[in-house]
Amino acid sequence: DASRFRTTICIAKKGEASPTLISWAETFKNHTGYYPMEWRFDNGTEFLHFQKWAKEKNLTVSPSSAYAHEQNGVAEFSGHYVMQIARTMHIDGGAPKELWTEACYTTTYVINRLARLGEKEAPILAWRKAMGLRGDETTTNLSFLRVWYSKAYVHQAKETRVQGMKMDPRAWIGFLVGYEGDNGHCFRIYNPKTKKVTVHRDVVFWEPKAPKTYDGAADFQIGE
């Protein structure tokens, strides 16, 4: 609530909720030396194991009433906010459905680095300062941002090329789906041939611009 810093973890099944939360809490403790003292979520059965674990650690769990989403306040709004932006990016980019998680992670990455109206610090800076984590940055840099799911030409290192094939391409084509590192110095690239996401540094992007006037699907095809 204080910093508006968000952490997004996508899971395949509800049954993974408790183990995922416990794992995140343990990671948090490794970084700060203590667990988050208060947790707030709904009374879903997927959190029962976590509630038992939290009780053993003397942590406070504040479940909301059934169908009273507003009681979860910022957390409830945050989830909807991230999904709305991720859905828009995903549709506009024309990405495969299975990449919805990458859209969510990228949305969270960017939001955490944008200062809200009236705030001096971006959420990630406020969070690190409050938690005593590393980093003495006073501003965030977003100059590296590119259009999500834009075409990416990934340089093939000399060590990975067949030296005798002089006329082979020196890059392969993928699509941008995310960033790694504080300043986005590494890009997450989806390879449509292998259907895998890998991290790369040396990438050139082709970002087509939408026309000034939009008259219909024939004018501009989503995903081009």
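N112 is buried, with a relative accessible area of 4%. Buried means under 20%, exposed over 50% and partly exposed in between, using a 1.4 Å probe and protein chains only. This is a predicted model: local features need pLDDT of at least 70, side-chain atom pairs count only at pLDDT 80 or more, and totals for chains, interfaces and linings use all residues. Residues are numbered from 1 along each chain as its sequence is written, and side-chain values use heavy atoms, without hydrogens and water.

**Around N112**
- N112 sits in the loop between α4 (100-111) and α5 (123-131). Helices (H or I, at least four residues) and strands (E, at least two) are DSSP runs, numbered from the N terminus.
- Leaving aside residues up to four places away in sequence, N112 touches R4, F5, R6, A122, P123 and I124. A contact means heavy atoms within 4.5 Å.

- β4 and β5 pair in the antiparallel sense over five bridges. Pairing requires that DSSP finds at least two bridges between two strands.
- F175 has Y190 in β5 as its bridge partner.
- β5 and β6 (residues 196-200) run antiparallel, joined by five bridges. Here I189 stands opposite T198 in β6.
- The hairpin of β5 and β6 has four residues between the strands, and K195 takes a positive phi near 60°.

**I173**
- I173 lies in β4 (residues 171-180).
- I173 is partly exposed, at 40% relative accessibility.
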